[in-house]
Amino acid sequence: MTHPLAAPVPALLPEPLPYHRMARVSARHRWWRPVLGTGFVAVACVLAAGLLYAIGSALGAARGYPEAADGTVEFGPVPGTALDLLAIASALPVVLLAVRWAGRRPAGTVSSVTGGLRWPWLGRCVLVALPVLAVTTGAMLLVPTDDAEPSRWAGWEVFGPALAMLVVLVPLQAAAEEYVFRGWLTQAVGAFLRSPWWALVPQAVLFAAAHGWGTPWGFADLALYGLVAGRLTVRTGGLEAAIGLHAVNNLLAFGVSAAVVDGLKSDETAADLPWQLVAVDLAGIALYTAAVLWLARRHPPTRTGTAPAPVPPPWPFPGPHPQALAALGPVAWAPLPAPPPGSGYAPVPGPVPYADRTDAPGLPPGAAPRIAPPPGATGLPPR
């Protein structure tokens, strides 16, 4: 039997949250937390990278490395590239700390809506990216450009150690960039806006600007990549698809550079690409996106998380709140005392016990009828 006052109370269900709204997964979310966390990420990333460069310069000077023209230590192509990749990768623990400290939520909620990186799904995305980007990278090498210079094979004694370093550090560098832009920035803006597109545009522009100002084609290529990677992140509920595309693309690009003499010394980025290479690169991104979306239909990943359940309004009467009792299902419980007059609450009219008894006239409604003993019975207990 359910108390009549419990019927009008609506069920308070938790809200399903897409990836860009995961900043609200914490019951301690406040509007200022994404703002505070964004400032922390910006400052801490610069400090962490500066600290790594300072330590590297001190170690290089102690080991007798020569000094470059700009006053920094000249480590050589392989150690210098390793230091650059580590400086970028240092943003990864910064973002996780910001999610945990400023966001007051589990750090894994920036990885996916399930609260952690989904390794099987990441592996599928990497397997999709490898053949697609290998074809487009090969096509880029065949496309003639105006400023193309002849290149020479660096030799296995140079390429081997460089490749080993790249396999270890490039995935960390690519993942760190995804955690900053498709992760933290997308969720920080998404804490205020429901539409995913408004959350994806700022991070895409900032991602392109972070690579420097090269050609307009290169900037457009990076901005479109940021939009596509962000859309895949929201569509699949996590960073795995974006990390797979970014890591494989950078590993192939750095690998091609390491294979030629002085290739890793170049300071050019994707922002400097000419329009011919941008066209090929966008074709590869489109093929990868189509393949991942097809894979997501075959093996659907979890796309939403669960927000904390809303707190029901206070119940001004003794006993448990009707919402808590309704959540237990159809259970029998003692009726609550009648609300005091003037409280604004009134019991819902319902059936009166024994109101349909015709063998007990004159009894007030709700009173149990008295059953007469059979004829001849005295009503006394037997001796």
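## Aromatic cluster and pairs

W153, W156 and F159 make up one aromatic cluster; rings of Phe, Tyr and Trp (its six-membered ring) pair if their centres lie within 6.5 Å, with planes under 30 degrees apart counted as stacked, over 60 as edge-to-face and the rest as tilted. The model is predicted: local features need pLDDT of at least 70 and side-chain atom pairs count only at pLDDT 80 or more, while totals for chains, interfaces and linings use all residues. Residues are numbered from 1 along each chain as its sequence is written, and side-chain values use heavy atoms, with hydrogens and water left out.

Across the whole structure, a search finds eight aromatic pairs. One of them joins W153 and F159 in a tilted arrangement, with 5.5 Å centre to centre and 55 degrees between the planes. F159 is buried at a relative accessible area of 11%, whereas W153 is partly exposed at 48%; buried means under 20% relative accessible area, exposed over 50% and partly exposed in between (1.4 Å probe, protein chains only). W213 and F219 form a stacked pair, 4.9 Å centre to centre and with 10 degrees between the planes. In this pair W213 is exposed, with 69% relative accessibility, and F219 is partly exposed, with 21%.

## Chain layout

The chain holds 10 helices and two strands, where helices (H or I, at least four residues) and strands (E, at least two) are DSSP runs numbered from the N terminus. Along the sequence their pattern is β-α-α-α-α-α-α-α-α-α-β-α.

Of the 383 residues, 39% count as buried. Among contacts between residues at least 6 apart in sequence, 79% join residues at least 24 apart; contact means heavy atoms within 4.5 Å.

## Nonpolar cores

The largest nonpolar core has 51 residues, of which V95, Y179, W184, Y288 and V292 touch the most other members. Such a core is a set of buried Ala, Val, Leu, Ile, Met, Phe, Trp, Tyr and Cys residues joined through side-chain atoms within 4.5 Å. At least two of its residues come from each of α1 (32-62), α3 (91-101), α4 (119-142), α5 (156-190), α6 (196-210), α7 (216-236), α8 (240-258) and α9 (275-298). Helix α5 gives the largest share, eight residues.

With neighbours within four places in sequence left aside, Y288 is in contact with C125, V128, A129, V132, L232, A241, G244 and L245. Another core, of 11 residues, lies apart from the largest one and includes A82, A162, L166 and L169.

## Packing of α5 against α6

Helices α5 and α6 pack at an angle of about 145 degrees, their axes 8 Å apart. Axes are lines fitted to C-alpha atoms, for helices over the stretch in contact, and angles run from 0 to 180 degrees between N-to-C directions.

On the α5 side, E177, F181, R182, L185, T186, V189 and G190 meet W198, A199, L200, Q203, L206, F207 and A210 of α6. These residues divide into nine nonpolar, three polar and two charged, with Ala, Val, Leu, Ile, Met, Phe, Trp, Tyr, Cys and Pro counted as nonpolar, Asp, Glu, Lys and Arg as charged, and the others, Gly among them, as polar.

## The surroundings of D221

D221 belongs to helix α7 and is buried, with a relative accessible area of 3%. Not counting residues up to four places away in sequence, D221 touches L273, V278, D281, L282 and I285. D221 and V278 are 57 residues apart in sequence, yet 6.1 Å apart in space, C-alpha to C-alpha.
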